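The sequence and the three-dimensional view come first, and the description follows.

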Amino acid sequence: MKAEVHIVKERCKGCGICIEICQASVLEISEELNTNGYHPPVVKNPEACINCGMCEMFCPDFAIWVTVVKETNVNV
């Protein structure tokens with residue numbers, strides 16, 4: 001099952017909880033600043049996401065969530 005991490009950069013205050021709580025080391029702190037002057041996370045390792053939902057569960061700003069990506073089976 002593939003998962004996709006979504007981040008609302010402008011909602012993030014750069015606390016880093018999502019980065020610390022991620023079991024699969026999917027996220028890292030960005031070098032870029034959002035309009036509020038914070039460094040939001042970025043997805044560095046998307047294929048490692050196990051869709052545990054811990055990042056979204058612990059984010060105090062509701063700035064991150066994970067969705068399941070449906071894989072299509074194409075038989076050629």
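A salt bridge is understood here as a side-chain nitrogen of Lys or Arg within 4 Å of a carboxyl oxygen of Asp or Glu. By that criterion, the structure holds one salt bridge. The model is a predicted one, and every value below is computed from it.

**The salt bridge**

Side chains of opposite charge can pair when their charged atoms come close. Here the partners are Lys13 and Asp61, whose closest N and O atoms are 3.8 Å apart. Lys13 belongs to the loop between β1 (2-7) and α1 (17-21), and Asp61 to the loop between α2 and β4, so the pair ties together parts that are 48 residues apart in sequence. Lys13 counts as partly exposed, because its relative accessibility is 38%. As for the charges of the chain in general, there are 6 positive and 10 negative ones, and their mean positions are 5 Å apart.

**Overall architecture**

The chain contains two helices and four strands. Read from the N terminus, these elements follow the order β-α-β-β-α-β. The C-alpha trace spans about 50 × 20 × 20 Å along its principal axes. Of the 76 residues in the chain, 26% are buried. The accessible surface amounts to about 5400 Å², and carbon and sulfur atoms contribute 52% of that surface. Among the contacts with a separation of 6 or more, 57% involve residues 24 or more positions apart.

Ile29 is located in strand β2, which covers residues 27-29. With a relative accessible area of 44%, Ile29 is partly exposed. Beyond its neighbours within four places in sequence, Ile29 is in contact with Ile19, His39, Pro40 and Pro41.

Val42 is part of strand β3. Residues up to four places away in sequence being set aside, Val42 touches Ile7, Val26, Leu27, Glu28 and Ser30.

Lys44 is placed in the loop between β3 (41-43) and α2 (54-58). Its relative accessible area of 44% makes Lys44 partly exposed. Which residues does Lys44 touch, not counting those up to four places away in sequence? They are Ser25, Val26, Leu27 and Glu28. Val26, Leu27 and Glu28 are therefore contacts of both Val42 and Lys44, and these contacts are defined by heavy atoms within 4.5 Å.

The table sets the separation in sequence beside the C-alpha to C-alpha distance.

| Pair | Separation in sequence | C-alpha to C-alpha distance |
|---|---|---|
| Val42 and Lys9 | 33 residues | 8.9 Å |
| Ile29 and Val8 | 21 residues | 14 Å |
| Lys44 and Trp65 | 21 residues | 15 Å |

**A nonpolar surface patch**

On the surface, Ile17, Met57 and Phe58 form a nonpolar patch, and their accessible area together is about 290 Å². Phe58 is situated in helix α2. Why does Phe58 count as partly exposed? The reason is its relative accessibility of 40%, which falls between the limits of 20% and 50%.

Most residues other than glycine have a negative phi. Two residues of this chain may be read against that background.

Asn51, in the loop between β3 and α2, has a phi near 60°, a positive value in a residue other than glycine. Asn51 counts as partly exposed, since its relative accessibility is 22%.

Phe62 is found in the loop between α2 and β4 (64-69). Its phi is near 50°, again a positive value in a residue other than glycine. Is Phe62 buried or exposed? Phe62 counts as exposed, because its relative accessibility is 61% and exposed means over 50%. The loop between α2 and β4 thus contains Phe62 as well as Asp61, the partner of Lys13 in the salt bridge.

How values were computed. Residues numbered from 1 in each chain as written. Predicted model: local features only at pLDDT ≥ 70, side-chain atom pairs only at ≥ 80, totals over all residues. Heavy atoms only, no water. Buried < 20%, exposed > 50% of the residue type's maximum accessible area, 1.4 Å probe, protein only. Areas by Shrake-Rupley, 256 points an atom, 1.4 Å probe, with all protein chains shown as cover. Lys, Arg positive; Asp, Glu negative; His and termini not counted. Charge placed at Lys NZ, Arg CZ, Asp CG, Glu CD. Patch = residues over 30% accessible without salt bridge, like charges linked within 9 Å, V, L, I, M, F, W, Y side chains within 5 Å.
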